[in-house]
Amino acid sequence: MKIGIVRFPGSNCETDCLEAWRVMGAAADMLWHQETSVRGYDLIVLPGGFSYGDYLRTGAIARFSPIMADVIRHAREGGLVWGICNGFQILTECGLLPGALLRNAGLSFICAPQFLRVEKAAPPFTGAYAPGQVICLPINHGEGNYCIDAAGRRELEEEGRVVFRYVTAEGAADAAGNPNGSAGNIAGIVNRAGNVLGMMPHPERAVENLTGGEDGRGLFRSLLSAGRERHGHRDET
Amino acid sequence: MSKAFVQVTLKRSILDPQGSAVEKALRQMDYPVEAVRVGKYMEVTLRDGLDRAEREAALEEICRRVLSNPVIEEYTFSWEE
């Protein structure tokens, strides 16, 4: 599994991602946003942060950086793309994922542990979790209010593309469990082909008990086993 | 040079938490306010040498692709006289 983490000017979670992959036993390369090719990589991670200072809209300028044209090509050809927080915002801006992320309903920047329910427990991103499992990951954003029109929302739900929902400790996806006003308590979604995941919570900050728990490990484990399988198939052909 | 004034606002159907906060504050100050929406204002100056159709087309595309996100926003623009 060859993993690349894209560093934009203003990214600030790329080193956390690198460290999380190291903890999980995998190496990853840091890719500068001015590079023009991601060929050879199986997984591209778009990390959290404030790319280009969040000017104009979150992710709006990063989406046009040179590397993104090839990340879009990579995604369209079935390559894995994982956007976390600002990475999710970039993925909606460039149209790889539907909807948009708006200012949190309460207007405040939220930095807190948050319960999530795993709605879709399936490879390549979440195969290591149990369906309906409640996990706790840190959230750290001012603009995580997921917004999508009614038709788009119906499509996501009917196609089972909601991967994570914000919930209470008891696992209820109600107003009390919704930190930022997101439609349907949506915290993470995949594209139709299932190879692009965008999520607001930070699993890379939850891979060690010393800092934030281990509930994020499932994503890394799922991706590593998906990577092994992909390479297995590739070797056969 | 031709200068354009671009306004980007959230679509009516999208809740505007900033606007709501300003609206509430103004009401608390006893101003006769019905509603407030917060948007963005930008000035874009295009290079010389474009005819009218070219500059309209260029600015339309800039607004649609970059300055606004059509999922949540709409835009209007006018040209400096």
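1. Phe5(B) is partly exposed, at 23% relative accessible area (buried is under 20%, exposed over 50%, partly exposed in between; 1.4 Å probe, protein chains only). Tyr75(B) also counts as partly exposed, at 23% relative accessibility.

2. Keep in mind that this is a predicted model, where local features need pLDDT of at least 70 and side-chain atom pairs count only at pLDDT 80 or more, while totals for chains, interfaces and linings use all residues. Residues are numbered from 1 along each chain as its sequence is written, chains are lettered from A in the order in which they are written, and side-chain values use heavy atoms, without hydrogens and water.

3. On to the rings: over all chains there are eight aromatic pairs (Phe, Tyr or Trp rings, the six-membered one for Trp, with centres within 6.5 Å; planes under 30 degrees apart are stacked, over 60 edge-to-face, the rest tilted). Phe5(B) and Tyr41(B) are stacked, 6.4 Å centre to centre with 15° between the planes. Tyr75(B) and Phe77(B) are stacked too, at 6.5 Å and 5°. In chain A, ring pairs join Trp21(A), Trp82(A) and Phe220(A) into a cluster.

4. Now the interface. Chain A puts in 12 residues and chain B 16 (contact: heavy atoms within 4.5 Å). About 1,200 Å² is buried between them, 68% of it from carbon and sulfur atoms (accessible area, 1.4 Å probe, lost on being put together, summed over both parts). On the chain A side, Leu56(A), Arg57(A) and Phe64(A) lose the most area, together 44% of what that side buries.

5. Which residue forms a salt bridge with Glu73(B)? That's Arg57(A), with the closest N and O atoms 3.7 Å apart (Lys or Arg side-chain nitrogen within 4 Å of an Asp or Glu carboxyl oxygen). The count between chain A and chain B is one salt bridge.

Key. Buried area is the accessible area (1.4 Å probe) that two parts lose on being put together, summed over both.
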